[in-house]
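The sequence and structure are shown first.

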Amino acid sequence: MSTSSSSDADLPDLPETPDTTGAYPRLSADQVMLLSRFGERKSLPKGTRLFCAGDRDCGLFVVLDGKVRVLQEESPEQGSRVIAVHGRGRFVGDLSILTGQAVYVTAVAQTDVDVLEVRYDQLKQAVSQDQALGDLILRAFILRRTIHADLGAGLRIIGSRFSADTRRLRDFASRNRIPCRWEDVEEDPDAEATLRAFDIPPDQTPVVIWKGQTVLRNPSTTALAELLGLRAAPSRAAYDLVVVGAGPGGLAAAVYAASEGLSTVVVDAFATGGQAATSSQIENYLGFPAGISGAELADRALVQARKFGAVFNIPGEATSLTQADGYHLVGLAEGEDLTAHAVLVATGVRYRRLDVPGMQRLEGSSVYYAATEFEARLCRGDPVTVVGGGNSAGQAACFLARRSPAVNLVIRHEDLRRDMSRYLADRVEQSPRITIWRTSEVAELIGDEGLEEVLLHDLQTDEKHRVATRALFVLIGAAPHTSWLQGQIMLDSKGYVLTGPPADGREGLFETSHRGVFAVGDVRSGSVKRVASAVGEGSVAIRHVHEFLESEGRL
């Protein structure tokens, strides 16, 4: 906690931000009383910074008296922007408090304040005694993260929309639910002004600006992840379990393994949540009758796994699986090996790509393989095209129709209900903004630096149509991500991991051909490709992992 600066000490008294979404709830007297048993009461003068952007392992602050404002620090020239003001009974904090990452905003005492500071370990104890309180705090933090993203708080990414590296950084921020603002050097006057202020020539973009003053010139995703606290240094020479892949199956395995006391580390090449995290709304997941976004499901699982002690290493791309001295070694592209008694493979699948003229030229700027809030904001007001006939494509089309005036859905067959759930197909057909192109395929992408049109080919009539499009979303299925396992464990003819009871009669439904290596979720041969199924497999597989470790005398 820092002392006040001259600018922070001279703060105008702004009114409390109204709670219209549930992001800024007021705690009850009983909830404050419970938290007071675990926190430390502090009286702080006006201008004191409770936490700053970039801080890690900071606590939650309950405002007992006075007001606290939350700021986005822009730059020394631009100053700070007020995001919210909290008064008595409200709590100040960010989702990063629960995930162990760096916070993206700064909190300052707007007046002299009395606050209750509750550190992470104490907060875990408090919410274990009041489930409703824990859910209230988590839900508020998730909603705040969405608000911050809509406001452009957090990171600033400045670069060209035609740059592959700009796209790489934007995608990494989007998939990891990191609040950020992208400024296009071709169109955004703020981008040019910022580059001049930091004396950065355009040929050194993209750049990431952090905390309004730290500049990273075209950083690797690993360097950016380390800055934000997404990568944790190995805390032990050997873990009980390495989970490779942080989709629903891997996250469920991490929760159950860590809750049973197994030292657990989770690695993923790109982000937590897997393909499920790109879904705007999962409506058939048990226990969520109104649906839940894939991003929220992933964030909740991440918080839950970390609560039990699981460690996350993002990005951590597995490149090899070998054995030495009775241990399994998972080689990572980032240059280090992870050593473990057991390995659980949950790497899921990789998106299939279209092979059509114009794809190589325009893929970096105009083609997407997920439809999240970030992509929707980029495409606001523009016509878009979605390719695919499954649930992912249907969900994307409905989601994008909220922001885009025209959504074209292209399927290669006649029956929309062949591969799409009936409720979703009905919704697609009823949307006035969605046009369904049946028995059709994309034949060409048209445009120089950015996509302008797609050429659609009708497979029945052989007619061709040029359709105005600024973004193409390709959701045509995927192939298993198992190239790193070649020669180590048995795969089926399509590359999926074979599992089942071993020949010696040992139980192990999810064990592979190599003892101590297990597989769950979409990567497993014969699995049901559904979120709920992957979660179930990930949780059940831990029983087999536990049995293996006991039989080997590792527990």
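Helix H6 (residues 164–175) lies across strands E9, E10 and E11 and runs at about 160 degrees to E9. Helix H7 (residues 189–197) also packs on the sheet, touching E9, E10 and E11, and its direction makes about 95 degrees with that of E9. The model is predicted: local features need pLDDT of at least 70, side-chain atom pairs count only at pLDDT 80 or more, and totals for chains, interfaces and linings use all residues. Residues are numbered from 1 along each chain as its sequence is written, and side-chain values use heavy atoms, with hydrogens and water left out.

Helices (H or I, at least four residues) and strands (E, at least two) are DSSP runs numbered from the N terminus. Axes are lines fitted to C-alpha atoms, for helices over the stretch in contact, with angles from 0 to 180 degrees between N-to-C directions. Contact means heavy atoms within 4.5 Å.

The open sheet has 4 strands in the order E10-E9-E11-E12, with mixed pairing; two strands pair if DSSP finds at least two bridges between them. The edge strands, listed below, each pair on one side only.

| Edge strand | Residues |
|---|---|
| E10 | 180–184 |
| E12 | 214–217 |

The twist averages 20 degrees from one strand to the next. Strands E9 (residues 155–159) and E11 (residues 207–210) pair in the antiparallel sense over 3 bridges, and Ile157 stands opposite Val208 in E11.

Elsewhere, the axes of helix H9 (residues 248–259) and helix H10 (residues 294–307) come within 9 Å and cross at roughly 20 degrees.
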